[in-house]
Amino acid sequence: MNEAVVLGSIFALFSTGVYCIAVKRNMIRILLGIEIMLNSGNLAFIYFASLKSGRGFIDPLGQSIVIMSIIIGGCVVAVGLSLVVNAYRHFKTMDVRKLRRLKW
Amino acid sequence: MIPTPLLIMLSPIVVFLVGFLGEELKVKNLREAAAVAASAASVVAVYMLYLMVEAAPDGILVFYLQALPPLGACFEIDMLGVFIALSVALLTFFATLYSVRYMEHDTRLTEFYALLSAMSVGMIGVAFAGDFFTLFVFWELMCISSYVLVAFRKEAWGPIEAGFKYLVMSALGATIIFLAMAFLYGMAGTVNFAQLSNALHGQPMSMWLYIVFGLLVVGFGIKAAIVPMHTWLPDAHPEAPSPISAMLSGMLIETGLYGLCRILFLVYEPPAFGAAIAALSILTMCFANLLALLQPDIKRLLAYSSIAQMGYMLVGLSAGSAYGMLGLTAHIFNHSLMKGLAFLSSGSLIHMTGTREIEKMKGVGRMMPVTTFTMFVALLGLGGVPTTNGFISKFILFSSALGAGMWWLTVIGVINSAFSMAYYLRVLKILVSAPEEGGPKVSEAPLLMVIVTAAMAALIILFGVYPAPIINLADSASKALVNGLGKYIGAVLP
Amino acid sequence: MSKAYSFAGLILSVLLFFSFFLIVANEPFPANSFRHGELVPISPPGEVGPAVSGFLWGYRGFDLLMQALLLFATAMCCIAMLREERR
């Protein structure tokens with residue numbers, strides 16, 4: 001029961017992130033979708049770390065990986081936001097559907 | 001502990017500091033010299049690591065900082081890692097030398113060279129990683145540097161749009177890899193490659209292993225430009241500056257393919273993934289070759305050609321044998337040289353004529369003979385004409401598919417390869433045709449750019465008529481991956 | 001019309017703010033008065049910081065150093081994207 005709830009919430013967070021990237025128009029919301037997906041991976045790591053020993057403490061490897069992955073997520077969003085600033089200067093909008101000048 | 005050659009991991013910081021000093025003290029060309037010296041040092045360092053790997057027992061080196069590998073982070077360097085790192089270092093050296101002249105009128109050059117060095121350090125780290133999370137950290141280093149290098153010329157709108165779309169898709173891929181890593185950690189209790197392989201190799205395929213396989217193929221496939229996930233590539237390559245396009249197409253997508261190969265051979269067995277990879281490879285080859293015919297822009301045409309070459313490499317992966325992997329690794333090296341040369345020579349053409357459209361370059365070949373000759377060599381190599389190294393690796397790839405019993409894959413591959421000559425020859429025909437009245441009047445490209453492209457063309461022809469060094473190296477690399485699993489595990493677990 | 005609405009909203013929120021003080025002044029909050037069992041004494045974990053750092057640097061030191069390089073590269077990226085140079 002517990003396992004189904006946590007795995008269900010991992011998939012729910014993952015699909016929320018995918019929905020944000022696929023459907024949302026504002027560029028910053030798309031970047032937040034990437035953050036949400038990274039958080040689903042973090043939840044998975046913590047949950048599996050707690051399963052591993054079952055003796056009252058949680059595997060420290062899972063926690064350290066999550067600490068470092070939060071930093072990595074922050075770096076990706078920082079670079080993404082600097083690109084969004086430049087895109088606003090050129091296109092004067094935050095709507096990603098206006099960025100259509102490159103044809104196939 | 002950490003050996004001396006791995007000090008090249010610090011080269012982005014060194015390049016930035018020396019470049020900053022050069023800008024402040026107004027010393028001309030100091031940062032270019034620092035960047036070229038750093039890339040040359042990385043070639044030498046990777047060569048020294050190659051000698052160390054050859055001399056090591058079992059052909060595997062393990063490096064760690066303080067704690068022992070199964071729990072601590074480590075580098076596990078085998079022959080395949082050295083081969084990929086050697087290709088990366090060589091292409092970085094050529095691209096850095098070329099960009100000294102190509103980017104001389106741009107601003108923010110210190111950051112450019114520092115990020116180029118960081119991207120190459122990231123790729124070398126991915127090749128050497130012995131731990132899934134170490135691979136992820138270097139993967140993100142490589143990706144983050146490449147987002148900004150694609151969007152580098154931010155005064156125009158094209159690079160910014162292409163850079164943003166590339167960022168979203170590539171970060172999506174990295175997050176999917178992270179989720180796959182979490183599931184593997186849940187199943188096996190570890191993220192170390194040797195321990196993962198020990199725990200999961202040879203297990204019967206269950207639903208969760210299929211889910212992880214799907215996540216890995218999608219995650220690495222977004223980076224390796226496998227067809228349903230390739231849509232960032234035709235936008236990102238033309239808008240990036242030419243040396244960055246050469247690095248992206250030459251080694252970044254191959255590093256994605258290397259990650260996929262490494263994990264598939266460690267965790268799964270070849271019969272389990274052969275069919276799915278074969279289907280993806282047919283889709284990739286056919287789709288990319290068809291779309292490349294319609295492109296008016298030379299760099300976009302070369303971008304679609306890169307996707308098609310990824311399809312050929314997937315043929316080698318789907319064969320699942322050491323011979324197929326020999327074709328894949330040899331083609332990684334050859335493709336990095338040929339596609340790198342194609343992008344660099346087209347960069348010379350674009351630099352002098354000022355346009356990216358093929359139709360507007362009519363007759364330029366007669367005014368820029370050396371560059372057109374190198375373009376000739378690169379495109380013929382990509383098409384697989386004998387006496388270039390492209391022929392040898394494509395031959396090995398397609399015959400390995402025959403050896404694995406998938407003759408239809410070979411037939412489709414050969415047809416696609418012949419078909420691709422159509423658009424390569426179209427470029428060459430336009431370049432060497434007679435100049436028009438109102439056409440461009442250009443002279444030959446700057447000397448340094450010509451020297452770099454000529455050196456790469458000479459290497460292509462040399463390895464075409466004397467392929468033995470590359471084939472021997474690729475052979476030991478592929479055997480280390482496919483047959484050397486026991487040694488890989490034994491180097492870390494006693 | 002919207003000015004009247006915002007003025008009315010301002011008056012309402014000020015009244016709400018003062019009414020809170022009128023209620024709270026009369027009766028204190030009944031903290032812990034309906035609890036059943038004993039308060040379980042759990043000692044605080046002591047030093048968490050050094051333990052986590054010890055694990056991170058001892059077992060994952062290499063990843064931390066490469067993370068520092070990644071942060072440096074991110075700083076480089078933001079400088080490269082946001083710098084304005086007039087030439």
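This is a predicted model: local features need pLDDT of at least 70, side-chain atom pairs count only at pLDDT 80 or more; totals for chains, interfaces and linings use all residues.
Visitor: Thanks! How many helices and strands does chain A have?

Guide: Helices (H or I, at least four residues) and strands (E, at least two) are DSSP runs, numbered from the N terminus. By that rule chain A has three helices and zero strands, giving the pattern α-α-α along the sequence. Chain C, for its part, has two helices and zero strands.

Visitor: And what does the radius of gyration say about chain A?

Guide: This radius is taken over C-alpha atoms, and the globule rule is 2.2 Å times the number of residues to the power 0.38. For a compact globule of 104 residues the value would be near 13 Å, but chain A has 18 Å. Along the principal axes, the C-alpha atoms of chain A fill a box of roughly 55 × 25 × 20 Å.

Visitor: How many residues of chain A are in contact with chain B?

Guide: Two residues are in contact if their C-beta atoms, placed from the backbone, lie within 7 Å. On that basis, 31 residues of chain A touch 28 residues of chain B. On the chain A side, α1 (2-23), α2 (27-53) and α3 (60-91) each supply at least two residues, and the largest share, 14 residues, comes from α3(A). To sort residues by type, Ala, Val, Leu, Ile, Met, Phe, Trp, Tyr, Cys and Pro count as nonpolar, Asp, Glu, Lys and Arg as charged, and the others, Gly among them, as polar. The chain A side then divides into 22 nonpolar, seven polar and two charged.

Visitor: How many residues of chain A are in contact with chain C?

Guide: Twelve residues of chain A meet twelve residues of chain C. That side of chain A has nine nonpolar, three polar and no charged residues.

Visitor: Back to chain B. Are α3(A) and α5(B) parallel or antiparallel?

Guide: Axes are lines fitted to C-alpha atoms, for helices over the stretch in contact, and angles run from 0 to 180 degrees between N-to-C directions. Angles under 35 degrees count as roughly parallel, over 145 as roughly antiparallel, 65 to 115 as roughly perpendicular and the rest as oblique. α3(A) and α5(B) (residues 132-150) pack at about 5°, with their axes 10 Å apart, and are therefore roughly parallel. In this contact A:Ile65, A:Ile72, A:Cys75, A:Val76 and A:Val79 meet B:Phe133, B:Glu140, B:Ile144, B:Tyr147 and B:Val148.

Visitor: What is the handedness of the crossing of α16(B) and α17(B)?

Guide: A crossing is left-handed if the near helix is turned anticlockwise from the far one by less than a right angle, and right-handed if clockwise. The crossing of α16(B) and α17(B) is left-handed. Helix α16 (residues 389-403) and helix α17 (residues 407-432) of chain B pack at about 155°, with their axes 7 Å apart, and are therefore roughly antiparallel to each other. Among the residues that meet there are B:Phe398 in α16(B) and B:Trp407 in α17(B).

Visitor: One last thing: which way does phi go at B:Arg108 and B:Ala225?

Guide: B:Arg108 has a positive phi of about 55° although it is not a glycine, and B:Ala225 has a positive phi of about 60°, also without being a glycine. B:Arg108 is in the loop between α3 (79-102) and α4 (109-128) of chain B and is partly exposed because it has 18 other C-beta atoms within 10 Å. B:Ala225 is in the loop between α8 (207-224) and α9 (233-239) of chain B and counts as buried because it has 30 C-beta neighbours inside 10 Å.

Conventions. Residues are numbered from 1 along each chain as its sequence is written. Chains are lettered from A and ligands numbered from 1 in the order in which they are written. A residue is buried if 20 or more other C-beta atoms lie within 10 Å of its own, exposed if 12 or fewer, and partly exposed in between; C-beta atoms are placed from the backbone.
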